[in-house]
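Please keep the sequence and the structure in view while reading.

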Amino acid sequence: MLITEINIKFKAGDGGNGKVSFHKRIKGPDGGNGGNGGSIFITSTSDIYALSNISKGAKIKTENGQHGTSNIKSGKSAEDLEIKVPIGTIITDNNSKETFEVTDKDSRFLLCQGGRGGKGNWEFRSSTNVTPMNAQKGFKGQERDLYINLKLIADYGLIGFPNAGKSSLLKELTNANPKISDYPFTTLEPNLGELGGKIIADIPGLIEGASKGKGLGIKFLKHIEKVSLLFHCLSCELEEPEKSYRQIRNELKSYNEKLLKIPEIILLTKTDLKSEKEIKLILKVLKKLKKQILPVSIHNQDSLKKLRTFIS
Ligand SMILES: Nc1nc2c(ncn2[C@@H]2O[C@H](COP(=O)(O)OP(=O)(O)OP(=O)(O)O)[C@@H](O)[C@H]2O)c(=O)[nH]1
Ligand SMILES: [Mg+2]
């Protein structure tokens, strides 16, 4: 299952305590320092399912550093942890409101600093105090209460009513193999495919009232917020294509008006189901919308070729 939202706590390990001890023979201080606690780093991956690896536990933590010991021996530092999250993930600290964005394949940053180990009494020796009785406690590892939100970064988005043929087009155009069926809401979570180095996102169908939670709602629209082009799929089976088009646009608007500014092309889908004359009539009606319209059918290779050239 595609996980796109998680609330979780991260806790970096605490530093080990410094030691107070004295050398048996020399009698001088010989307490070692504590080891550092493990830090937590975030790195990026192109695996959009990667959040499922961290969604299971309520807390992710690293080990504490070990305490210092006699003979000026430092405690062992704990291993750091690298958490891989998909490109497009935004991590927000619920308390400080700091945000961290994983923007590309090279993103890597420290999220929770491991606690530094405390100094042993060896470190506190001086000309005025040759028998220091004090050592430092290990410092606390950084703890964060996080909200992790994945917004898939796609170049193009396929939107429209359920059953409009969005997933079928994604399958024809790209390497993706989404589930396709003749009932509404076949797609329950976004599918991604790649064509000529560009990522196309196919999201679950929208219906009137989606912004108020109808159908699968509009939560998946976050994945198309950053696309540079929307393919608005309108099936030529629709009784009132213009009205249907406006219904979808209204749902986009209710989610975020900025979506209306993304360049859009209407794909009149399933054209094989209608005669040429009927298609012409639909195109005439849709002309009023003053949008570019491409008629397509998965059973018409020519139309797919045109669409492919258009995209690449
Ligand atoms: N005749 C014909 N049928 C098509 C065409 N494209 C898709 N279909 C059929 O239409 C039905 C719905 O296709 P999907 O690709 O699952 O539609 P969708 O828009 O992804 O639907 P949701 O995931 O429910 O939103 C399936 O039975 C497809 O085989 C087409 O060009 N011509
Ligand atoms: Mg689908």
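## The magnesium site

Two side chains, Ser 167 through OG and Thr 187 through OG1, coordinate the magnesium ion (ligand 2) at 2.0 to 2.1 Å. Ser 167 belongs to helix H1 (residues 166-173), while Thr 187 is in the loop between H1 and strand E10 (191-195), so the pair ties together parts that are 20 residues apart in sequence. Both Ser 167 and Thr 187 are buried.

The model from which these values were computed is a predicted one.

## Aromatic pairs

A pair of aromatic rings is described by the distance of the centres and the angle of the planes. Two such pairs are found in the structure. In one of them, the ring centres of Phe 100 and Phe 109 are 5.4 Å apart and the planes stand at 15°; because planes under 30 degrees apart count as stacked, this pair is stacked. Phe 100 counts as buried because its relative accessibility is 14%, under the limit of 20%. Phe 109 is buried as well, with a relative accessible area of 17%.

The rings of Tyr 156 and Phe 231 have centres 5.9 Å apart and planes at 65°, so this pair is edge-to-face. Tyr 156 is part of strand E9 (residues 156-160) and Phe 231 is part of strand E12 (residues 229-235); the pair therefore ties together parts that are 75 residues apart in sequence. Tyr 156 and Phe 231 are both buried.

## Charges over rings

Which ring lies under the charged end of Arg 108? It is the ring of Phe 41, and the charged end of Arg 108 is 4.3 Å from the centre of that ring.

Arg 125 is placed over the face of Trp 122, with a distance of 3.6 Å from the ring centre.

In soluble globular proteins, nonpolar side chains tend to be buried together. The largest nonpolar core in this structure comprises 24 residues, and Phe 10, Ile 42, Leu 111 and Ile 148 have the most contacts inside it. At least two residues of this core come from each of strand E1 (5-11), strand E2 (40-45), strand E4 (81-86), strand E7 (108-112) and strand E8 (143-150).

Apart from this core lies another, of 19 residues, which includes Leu 173, Leu 229, Phe 231 and Ile 311.

## Contacts of Ile 148

When neighbours within four places in sequence are left aside, the residues in contact with Ile 148 include Ile 6, Ile 8, Phe 10, Leu 51 and Ile 54. Thr 4, Glu 5 and Thr 89 are also among the contacts of Ile 148, as are Ile 90 and Ile 91.

Terms used. Residues numbered from 1 in each chain as written. Chains lettered and ligands numbered in written order. Predicted model: local features only at pLDDT ≥ 70, side-chain atom pairs only at ≥ 80, totals over all residues. Heavy atoms only, no water. Phe/Tyr/Trp six-rings, centres within 6.5 Å; stacked < 30°, edge-to-face > 60°. Buried < 20%, exposed > 50% of the residue type's maximum accessible area, 1.4 Å probe, protein only. Helix = DSSP H or I, 4+ residues; strand = E, 2+ residues; numbered from the N terminus. Lys NZ or Arg CZ within 6 Å of the ring centre and 35° of its normal. Donors = N, O, S within 2.8 Å, 3.2 Å for Na, K, Ca; no water. Core = buried A, V, L, I, M, F, W, Y, C linked by side-chain atoms within 4.5 Å. Contact = heavy atoms within 4.5 Å.
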